[in-house]
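Subject: Structure handover

Hello,

Here is the structure I promised to pass on. Please open it beside this email while you read.

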Amino acid sequence: MNPKIDSHSSPQPLPCPEPYSLAQPQAEAQLQPQLETRPESRPEAQTAASQQANPENYVRKKTKPGRITGLDAARGVMLITSVTSASVLAPRPEWLVHASWMGLTLYDLIFPLFVTLSGVGMAFAYRNRVSRWVSLRRITVLLVVGVIYGAVATGDYTLSTLRLTGTLQLYAGLVALLVLGHLLGRTWPIWAGITLVTATVEAVWLHFYASGCIGGELTPTCNPSRVIDGAILGVHMYAQGSLGHDPEGVIAILGAFVTAAAGTTAGHMALASRGTLAHLGALRLGAWAGVVALYGWGLTLLVPAFKRLWTPSFGLATAALGIILFAVCFWIFDAPAGQAWSTKRPRFAEPLVALGRNSLLVYFGSHLLVDVLDRLGTNGGTEPSLAARLAGAVSLGLPAGWDAWGFVLLNLAFWWILSIILRHFKIYIHA
């Protein structure tokens with residue numbers, strides 16, 4: 001038989017030389033040129049040939065960047081603030097209650113921090129093209145789960161008045177707008193332009209709308225949400241439209257997009273800065289936060305900063321805080337550092353990263369859990385809720401005014417331990 005030799009198989013081994021004899025040098029001399037004429041058999045030659053054949057794949061494998069730790073750490077810090085503030089039971093202090101219309105409270109800043117950091121994460125997710133079906137699935141899941149979430153949180157399952165808006169639905173709208181925005185570009189200068197232009201156009205529009213209101217100010221009875229959201233949603237608005245506005249409706253989504261877009265700009269800026277420029281990344285992010293804050297302050301001349309309509313001045317001001325938080329974490333955990341800190345910082349970051357990697361679950365889950373516990377066991381309002389009884393059981397013997405901290409710490413410990421367990425098993429809840 002004379003089998004056909006596969007052209008891709010290894011060459012036939014050379015015959016072994018005869019045992020050592022006086023003729024051995026001559027045999028070696030004949031063998032050496034044959035080996036030297038096969039450069040493709042050397043590992044470095046094979047690597048070079050592979051690189052020349054497919055240079056893009058070679059570079060991608062060679063220089064594939066790791067995950068930016070600063071984003072997960074910043075999310076972790078934000079979630080500590082979110083979980084603890086959501087765990088404070090009634091009567092809540094004024095600074096932990098949303099402003100009824102104009103003005104700002106500390107509680108008004110927490111969700112915008114989540115939105116800003118979500119914008120940063122969207123820059124990471126969409127730095128390369130993502131299937132439109134993946135995006136559509138993500139948006140659909142957020143919308144459906146958002147409606148269910150709202151019904152469970154309020155205990156109202158009546159279809160005729162079912163609340164169709166909520167924070168998850170607002171988040172779904174932001175995902176849709178950010179996906180469309182990435183069709184225009186995936187660099188931070190483009191996204192900086194999108195942020196500032198959108199904020200300006202919306203501020204001018206709201207300013208002219210307010211000029212038609214009594215006193216030239218936006219009010220609960222004279223605002224675009226009352227008209228637009230009311231026409232689209234009717235009684236399915238926030239509070240069935242009784243407040244004359246929807247802080248989670250179409251108008252609020254437009255304002256929240258300004259916040260998310262500022263975060264997306266910061267995300268693309270961080271991506272462009274890592275590696276050899278990572279030591280400048282935090283400074284660039286700080287500079288961008290300054291631009292955002294100053295521009296937002298300037299827009300207050302057109303429309304005040306308040307959350308109920310998520311005005312662009314409010315959106316930029318809160319985005320600046322989120323970008324500063326991200327910049328600090330980026331500098332601590334991602335910028336070049338000495339050998340000692342570079343070795344230690346992954347251990348310091350890990351507890352925050354465990355929270356941050358499941359930010360969607362922890363943020364919305366912690367709020368939902370408190371809402372449900374605060375509604376259960378009341379017996380029609382005649383008895384303390386299950387949440388109040390738990391708070392009393394873990395009051396830690398602290399004096400009045402401080403006894404609620406036991407429930408706050410219990411809730412935080414629950415979600416933190418759950419996040420650590422999920423991270424251990426590499427389980428991350430995403431839309």
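Below is what I found, taken one place at a time.

First, a caution: this is a predicted model.

**A helix pair**

Start with helix α5, residues 110-125, and helix α10, residues 250-273. Their axes come within 6 Å. They cross at roughly 45°. That angle makes α5 oblique to α10. The crossing is right-handed.

Which residues make the contact? From α5 they are Pro-112, Val-115, Thr-116, Gly-119, Val-120, Ala-123 and Phe-124. From α10 they are Ala-256, Thr-259, Ala-260, Gly-263, Thr-264, Ala-266, Gly-267, His-268 and Leu-271. By type, the residues of this contact of α5 with α10 divide into nine nonpolar and seven polar, with no charged ones.

**Asn-358**

Next, go to the loop between α13 (339-356) and α14 (359-373), where Asn-358 lies. Is Asn-358 buried or exposed? Its relative accessible area is 0%, so Asn-358 is buried; the cut-off for that is under 20%.

What does Asn-358 touch, leaving out residues up to four places away in sequence? The list is Leu-422, Ile-427, Tyr-428 and Ile-429. Two of these also take part in polar pairings with the side chain. The Asn-358 side chain reaches the backbone oxygen of Ile-427 at 3.1 Å. A polar atom of that side chain also lies 2.7 Å from the backbone nitrogen of Ile-429. Along the sequence, Asn-358 and Ile-427 are 69 residues apart. In space, their C-alpha atoms are 8.5 Å apart.

**Thr-311**

Thr-311 is in another loop, the one between α11 (278-299) and α12 (312-333). Thr-311 counts as buried because its relative accessibility is 0%. A polar atom of the Thr-311 side chain lies 2.8 Å from the backbone oxygen of Pro-304. Pro-304 is also among the residues that Thr-311 touches, again not counting those up to four places away in sequence.

**Arg-132**

Last, look at Arg-132 in helix α6, residues 132-154. Arg-132 has a relative accessible area of 67%, so it is exposed; that term applies over 50%. How far is Arg-132 from Val-179? They are 47 residues apart in sequence. C-alpha to C-alpha, the distance is 8.7 Å.

Over to you.

Best wishes

How values were computed. Residues are numbered from 1 along each chain as its sequence is written. This is a predicted model: local features need pLDDT of at least 70, side-chain atom pairs count only at pLDDT 80 or more; totals for chains, interfaces and linings use all residues. Side-chain values use heavy atoms; hydrogens and water are left out. Axes are lines fitted to C-alpha atoms, for helices over the stretch in contact, and angles run from 0 to 180 degrees between N-to-C directions. Helices (H or I, at least four residues) and strands (E, at least two) are DSSP runs, numbered from the N terminus. Angles under 35 degrees count as roughly parallel, over 145 as roughly antiparallel, 65 to 115 as roughly perpendicular and the rest as oblique. A crossing is left-handed if the near helix is turned anticlockwise from the far one by less than a right angle, and right-handed if clockwise. Contact means heavy atoms within 4.5 Å. Ala, Val, Leu, Ile, Met, Phe, Trp, Tyr, Cys and Pro count as nonpolar, Asp, Glu, Lys and Arg as charged, and the others, Gly among them, as polar. Buried means under 20% relative accessible area, exposed over 50%, partly exposed in between (1.4 Å probe, protein chains only). A polar contact is a pair of N or O atoms within 3.5 Å; within protein, one must be able to donate a hydrogen and the other to accept it, and residues adjacent in sequence count only if both atoms are side-chain atoms.
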